[in-house]
Amino acid sequence: MGDTSTEMMTGPRGPKKRRVMSSNNIIIYGTLALVCLYYLLPLYVMIVTSLKGMPEIRLGNIFSPPVEVTFEPWVKAWSEACTGINCEGLSRGFSNSVKILIPSVFVSIAVASVSGYALVNWRFKGSETFFTILIFGAFIPYQVMIYPIVIILRETGGFIGDVTGTDFRLMGSIWGLVIVHTIFGMPILTLLFRNYFTSVPDELFKAARVDGAGFWGIYFKIMLPMSLPIFVVAMILQVTGIWNDFLFGVIYTKPETYPMTVQLNNIVNSVQGVKEYNVNMAATLLTGLVPLTIYFVSGRLFVRGIAAGAVKG
Amino acid sequence: MSSTDAGQLDTAMKRPPRLLKNLAAKFAAVPMVLIALVIFVGCTIWTIYHSFTRSRLLPAPEKWVGLENYERLWSESRWLISIENLAIYGFFSLILSLSIGFILAALLDRKIRFENTIRTIILYPFALSFVVTGLAWQWILNPQLGLQNVVRNWGWETFTFDPLNNAEIVIYGILIAGIWQGSGFVMVLLLAGMRGIDEDIWKASRVEGIPAWKTYIFIVMPMMRPVFVTAIVIIASGIIKVYDLVVAQTSGGPGIASEVPAKYVIEKMFFSQNLGLGFAASTMMLLSVLIVLIPWAYLEFGGKKNG
Amino acid sequence: MTDQKFSVSVKNLDLRFGSLRVLKDLNLDIHEGEFLVLLGSSGCGKSTLLNCIAGLLDITDGQIFIKGKNVTWAEPSERGIGMVFQSYALYPQMTVEGNMSFGLKNARLPKAEIKERVDRAAEVLQIEPLMKRKPAALSGGQRQRVAIGRALVRDVDVFLFDEPLSNLDAKLRADLRVELKQLHQRIKNTMIYVTHDQVEAMTLADRIAIMKDGLIQQLATPEEIYNRPSNLYVADFIGSPAMNLFKGEIANNTFSLDGLSLSLDGYDFAAPFTGTAWLGIRPEHVAIGENAAAADVQMDVTAEVVDPLGSDTLVLAHVAGERFWLRISGQADTKQGDQIRIGFSARDVSLFDAATEARL
Amino acid sequence: MKKFGLLTATTAICAAGAVSAADLEVTHWWTSGGEAAAVSEFAKAFNEQTDHNWVDGAIAGSGGTARPIIISRILGGDPMHATQLNHGRQAEELVEAGLMLDLTDIAEAEGWADVVNPVRLLDACTLDGRVYCVPVNIHSPQWLWLSHDAFEKAGLDVPSDWFEFVDAAPALKDAGVVPLAMGQQSWQTNLAFGAIMVAVGGTELYVDVLTNKNADAAASDEMTKVFEAFAAARLLSEGSNVQDWNQATNLVITGKAGGQIHGDWAQGEFQVANQVAGEDYTCLPGLGVNEIIATGGDAFYFPKTDDPEITAAQKELASLMISKEVQVAFNLKKGSLPIRGDVDLSAANDCMKKGLAILAAGNVLPDGVNAFSADTDGQINDLMVEFWNDTSISVEDAQARYVGIIASAD
C-alpha cells in the first residue's frame, strides 16, 4: 500500500517530456539530411559551375565554390551563345516558348478535364474502353508516332484549309504543336482528372441535374470551381512537360518559332572546341528556371492537389 | 383528347434516339475518342503494319516482307543488350522509386519540421528535363572531373567510381540519375495517399503497440493500393520510354553497353533510315506493354463498369 | 385515363444493370399532397426507384408519370421535382443564396422572382442569417435546411428526399423530422421520402411502401403496416424490437406449438387455413401481470435480460424455446430472474403462411 | 502563309522574272566552331549577293537529331527550303518520291558536270540523269592528326605513319598522354576502322569490301590483319573519355592525346584554336601509310514547293553555293576541299594542300557511305563501337559478324 501511494505522488505527472534528440528523431532527420544532400548535389554543382570561369573548371574540384564569381557564362548563355550562325543565345527562344506554352497548356488541360468529366459523370457505351486505350497510349514512345502524326496533321490541316478556303495548315503552325501536346498530355491528365472527378460526390452532380444544369453548365459552374487543386497539378505537369519539350517543338514548328529548348540543345550539343561546361550549366539553369520557379512557388498546391485527386485508382 | 394523352404523345414525339441523348457529353468526348482511336489505335496499327514492310527512309506500305525485320531484330546483339538493359533499369527503377518514394513519404509523414522545404528539395528534379538531369549527372560521374576525382584529391587515391565509363555498370549510373529525377514525384504521390488514410488506423496501431514501421508496411501499404497503381503506371510509362536520359548521359556507351529499346527504335528509324526495323522494334515494345497492361486494365477497370 | 388523380405514377417499371434486375415490374401510385415513404434495408432498390422518378437513372422498361404527364424520357429538371440528398450535395463554392438560386438561374427566371422565391424559402426554413455563407461554414443541420430550401424554391409539385436525415446526429434528426412534417402540413406538396429508419417512416408518412429486392412488399398507412403487416418480411422489418415469431401448426382454428396452444377465434382470417404457419406477436401487444388474466393464453416467463429505456423497459425471455421480447412499463421494478406473468390474444397476433409467407 | 500567298499574287501581276525577296529557311547540323563559321559564309554570300534572306535553321546533334525533323517537315508538306543531307543514298527515297527540286536546268546551264571534280560527287546527286543536289565540299575521313606537344612531352619525334605511331604509344603512355583520342560516338569508331583498313589492308581490299560488298574479301586473311590492328588500336585509347569528335580533337590540340584518327573536318577545329599545321600539329592522309583519300562530302537538297518565288530563290542559292568565291570561302573555314578543281586555294594551309595534291593526282577512293545504305552503315557502326569498347570480343568473332553484315548489305 505504501509503495503505491509513493508512486502516486512521485510517478509521471503533467505533460510527457519530449526529447528533441531522441534516437528516432536522429534517424529521421539524419536520413532526410542525407537525402536532401543527394537531391541538392546536382543543383549545387550546376550553380557553382555556372559561376566559374573555364580555367577554374579545368583545374578545380567540381564541388568547390567559385574562387572568382563570374556571371559571364550566364550572359553568354542568355544572349551570346551561337546556334549555327545566330548568336543570340537562349533569349531568342524564350518568347517562342511562352507563345507555345500558353495555348498548349490551356488546350491540353481543357480537353483532358472535359474528357475526365465525361468519363466519370456521363458514361457512354465503351467509354471505359477508350480510357484504357488512352492509358495504353502513355506507354508508346513518342518518336514512334512522329511520322503518322505528321501525315494526320498534314491531311487534317489541308482539309480544313480546303473547306474554309484559306491557307490554313496544321503542320508548321503553332496549332499543330498544340494538338500534339494535347495528344501526348491526354493519358496522364485524363487519368488525373478522372480520378479527381470520381472523388466528387455523385449526389452533387445529381443535384445539379435536378437544378436544370446541362453538361457544360455542370462542368463550368459546379465541377470547375471545385477542382482548382487538380487543375494546379495538371498545370504544373503540363508547364514542365511542354516547356522541357524539344522533339515536338522542333519538328512541328519552324526556326522563327523554335522554343528555347532548341537553343539549349544547340548550346549543349554543339561543341565549340572545348565543352564550355559553365555556359552549358548556365543555359540549363536558365531554361529550367520557369518550371523550377513554378515548383518552388506552387509546390505546396501541387502536393495538395495530388492528395485531393490522384490517390484513387 | 386528355392532357395525359397529349403529354404522352408529346414526349413520344420527342423521344430522343439513344445516340442523341446527352449530345453535349458525346460531343465533348469526341477529342478523347479521336485521340484514342485515330492516334493511339490507328497509329499503332499503322506502325505494326509497316513493321512487316521494307520501309527505309519513307514509309513504304507496298513493300511487304513478312517477318524479315523481326528476324533481323532478334539477331542483333544491340537489340538484345537494349532489352537486357531495359529489364535491369526497369526492375531497379520500379523497385527503387517505389521503395525510396515510400520511405521518404513515411519519413515526411511523421509530422516533422521543415516538411515543406524538404519536400520541395526532393521534388524539384521533376521539374527538370531529362537532358538537364543527364548532363548534370554525366558531369558528377565523370571520373576526371567529378566525384571520383574529388575523392581522390581528398587522399583516397584508389577510389574508383566511374559508372558511366564502365560497361559493366553503366546502366546503374543511368539509374542513379533516373531515380534522382523521378522519385520525388513518386514520393509526393505516396505521401498524398498516406495522408488520405484514416487517422483511426494510427490510433488503433498505437493502442495495440505495433511499431510504426510495421504499421506502414503491413497496414498502410496495402491500403494504398490505388495510389501504388497510379504511381506504377507513371513510373512504368517512363521506363519504357527512357531515351533522353541515356542520350544525354552516355549516348548508349561505352560501346553499346547502355543502349535501351527506345533509343534503338529511334536510331534505326532516323539514323539507319530503316523505318521497318524501327517499327518492328517498337511493335515488340508495344507487345510487351500490352502483355503487362491488358490483364491489369481488365482488373482495374473491367470490373467497375456497373459501378 | 386514371393517372390524373395521382401526383406520381410509376407503371411497370423495370431497371436492369446488365444482367442484374434491380427493379422488377414495379407499380406505384402516389396521391396529390401525399407524404409517401419508401422504406427498406439497404440494397432493396428504394433509392434506385427515387432516382428513376427523378430521371437520374435511365430505366429499362415501363413508364413514369408526374402530374399526369409522361416524363419517362424527360430530363430531371423538366419533371417538376425538387430533390434533397443525404450528403446535402450543396455546391461548395457557392453561398447559400447561390445554392438556392442556381436552379432558378438555369431556368432563366427573372431576377426579382428569384429573389422573392429564395427569400420566401429562407423565411420558411429560418435560414435568413446564413444566406451569405458558404456551405463549409454551416453545421450539418443548417446544411440540410439549405438543401431543403434549394428544393423549395423550385416551386414544384413533388419533392424527393433521399435519406435526408441520415447524416445528422440523433437529436438534430428528431428536430428536423418534426420540421419536415410541419413543412409538409403547411405546403401540402407531394413528397416521396426514402429512408431506412422506421421511426422516420412511421412518424412522417401518410403511406409507407416497404421494399425488398426491387419489389414493393406492402403499401399502406403506418398503422396498417404496423398492425396488419402483409407478409412475414414486413412483420419482421417493422417494429423494434421485432415481432416475436413462432412457427407452428394451424388446425381446427387453433395454433399449436409444443406447450403453446392458441385458439384463433378472434383472428380476422382472410381465408380459413390449415397447415404450417408463423405466428407473430409484437412485444408491446403482450399483456403483463394482471392485464394478462384477460388474454387468450397466459404463461409465466423468467426475465433473462432487462433493458430499461426510461419510458418503458424491454425484457427478454423464452417462450416455447424461442427468444421472446416483451415491453413493460418503465416504472415496473423488474429485475433479472424475476417471474413475469404474460398473456396475449388472437386479435393481437399476425399469422403468416409458412410456405408463401403471406398474411393469413 | 498569308504573306506568301500575297507575294505570289503580286508577283503574278508584276510579270514573271521580277525579283522580290524571299526568306529561305536552311536546315543544317553544322554547329561546331569551324562548321558554324563556314556556314555563315553561305549565309553572308546569299544575303549580300541576292535579294533573298537566309533563315538559319541549325539543329545541333548531327544527323540523328536533324533527320527526323527534316523528313517530318518534308512529309508534312511544310518543308524547309534547303537542307543539308549527306549525298548519296540517304536522300534517294525522297528524290524518288518527287519531294526534291530538280536542279538539272541550272546544272546544265552552269556546266556543273565540267567543273565538279571528282565528277563522282555530282553523280551522287544525280538520279536517272537528273540533278537533285549541290555538292558543297569534299571530305576524306582517312587522316591521322598528331599533336607535336604530346610527342615532345614523351621526348619523341612526330611519327610519319600509323605504324610508327603504334610503336610510340607506350612512351606516350609513360609520359601521361593518352596515345589515341577517340570519341564515343559509333560512327567515329567506324571511321577509324575504315582508315586503318586503307592503311593496313590496302586500297584493293577497301574497294572490294566496301564498294563491291564482297563477303569473301571481308573474310580474308588481309581483313583479319585489319581487325588485329584495330583491336590493338583500341587499347591505345584507354582514358579518353569523351563523346564528341571535336572533344577528342581538342585532346590532341591541348596535347593530352597523341593523335586522333579523324576526317579532314578536324582541321577546322585546329584552325579555330589558332594552331598551325606542321608546327603545332601534323596531319597524315591515309594514316601516312597509303596516301590516298576517300571522297565523301556534304550536299544541299532543295525540297519542292509550289511557290515559284521560292523555287527561283532556291535555284539562286544552289548556284551560289557552287560558285567559285563561295566555295573557296566556305571550304577554307570548314577545312574541307572544294568540289571544283578550278579555284585558287593559295590561302589553304599545309593539310589542305596535301589533300588537294592527292586529289589532283587522282588518288581517290569511293567512300563507303556512298555504297552502303544508312542501315548497313548503322550495323557496321554498332559492331565497331561494340568491338572497340569491349575487349572481350575476339578478332574472330568481330570479323565473323562483319562478314555477315557485308553479305547481307544493301
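**Entry 1. Three-stranded sheet, chain C**

I looked up the open sheet of chain C whose 3 strands run in the order E15-E20-E16, and I noted that the pairing is antiparallel. Two strands pair here if DSSP finds at least two bridges between them. Helices (H or I, at least four residues) and strands (E, at least two) are DSSP runs, numbered from the N terminus. Strand E15 (287-288) and strand E16 (297-302) of chain C stand at the edges with a single partner strand each, so one side of each is left without a neighbour in the sheet. I then followed E15(C) to strand E20 (residues 339-344) of chain C and found antiparallel pairing over 2 bridges. The bridge partner of C:Ile288 in E20(C) is C:Ile342.

I record the basis of these entries: the model is predicted, local features need pLDDT of at least 70, side-chain atom pairs count only at pLDDT 80 or more, and totals for chains, interfaces and linings use all residues. Residues are numbered from 1 along each chain as its sequence is written, while chains are lettered from A and ligands numbered from 1 in the order in which they are written.

**Entry 2. Five-stranded sheet, chain C**

I next traced an open sheet of 5 strands in chain C, in the order E13-E12-E11-E14-E21, with antiparallel pairing. Strand E13 (260-263) and strand E21 (350-353) of chain C are at the edges, each with a single partner strand, so one side of each is left without a neighbour in the sheet. On average, neighbouring strands of this sheet are turned by 35 degrees against each other, direction ignored. Within this sheet I checked E11(C) and strand E14 (residues 275-281) of chain C, which pair in the antiparallel sense over 7 bridges. C:Leu245 has C:Gly280 as its bridge partner in E14(C).

**Entry 3. Backbone details, chain C**

I noted a cis peptide bond from C:Ser240 to C:Pro241, with omega near -5 degrees. C:Pro241 is placed in the loop between helix H8 (232-237) and strand E11 (244-251) of chain C. I also looked at C:Lys67, a residue other than glycine with a positive phi, near 55 degrees. The loop that holds C:Lys67 runs between strand E4 (61-66) and strand E5 (69-70) of chain C.

**Entry 4. Domains of chain C**

I read domain 1 (3-229) and domain 2 (234-353) from the domain assignment of chain C; such bounds come from an automatic or database domain assignment. The C-alpha centres of domain 1 and domain 2 of chain C lie 38 Å apart. Their contact takes 8 residues from domain 1 of chain C and 5 residues from domain 2 of chain C, where two residues are in contact if their C-beta atoms, placed from the backbone, lie within 7 Å. On the domain 1 side, strand E10 (215-220) and helix H7 (222-227) of chain C each supply at least two residues. I classed the residues on that side of domain 1 as 4 nonpolar, 3 polar and 1 charged. In this count Ala, Val, Leu, Ile, Met, Phe, Trp, Tyr, Cys and Pro are nonpolar, Asp, Glu, Lys and Arg are charged, and the others, Gly among them, are polar.

**Entry 5. Chain D**

I counted 21 helices and 13 strands in chain D. The C-alpha atoms of chain D fill a box of roughly 75 × 45 × 35 Å along the principal axes. With 410 residues, a compact globule would have a radius of gyration near 22 Å, and the 22 Å of chain D agrees; the radius is taken over C-alpha atoms, and the globule rule is 2.2 Å times the number of residues to the power 0.38. The domain assignment of chain D gives domain 1 (22-139 + 296-340) and domain 2 (143-294 + 364-407). I noted 29 Å between the C-alpha centres of domain 1 and domain 2 of chain D.

I then examined helix H10 (residues 186-201) and helix H20 (residues 374-389) of chain D, which pack at an angle of about 85 degrees with their axes 8 Å apart. The contact of H10(D) with H20(D) has 6 nonpolar, 4 polar and 1 charged residues.

**Entry 6. Contacts between chains**

I found that chains A and B share the most contacts of the 5 pairs of chains in contact. In that pair, 77 residues of chain B are in contact with 66 residues of chain A. Helix H2 (residues 23-50) of chain B gives the largest share of the chain B side, 17 residues. That side divides into 57 nonpolar, 12 polar and 8 charged residues. Chain C and chain D do not touch, and their nearest C-alpha atoms are 44 Å apart.

Terms used
Axes fitted to C-alpha atoms, helices over the stretch in contact; angles between N-to-C directions.
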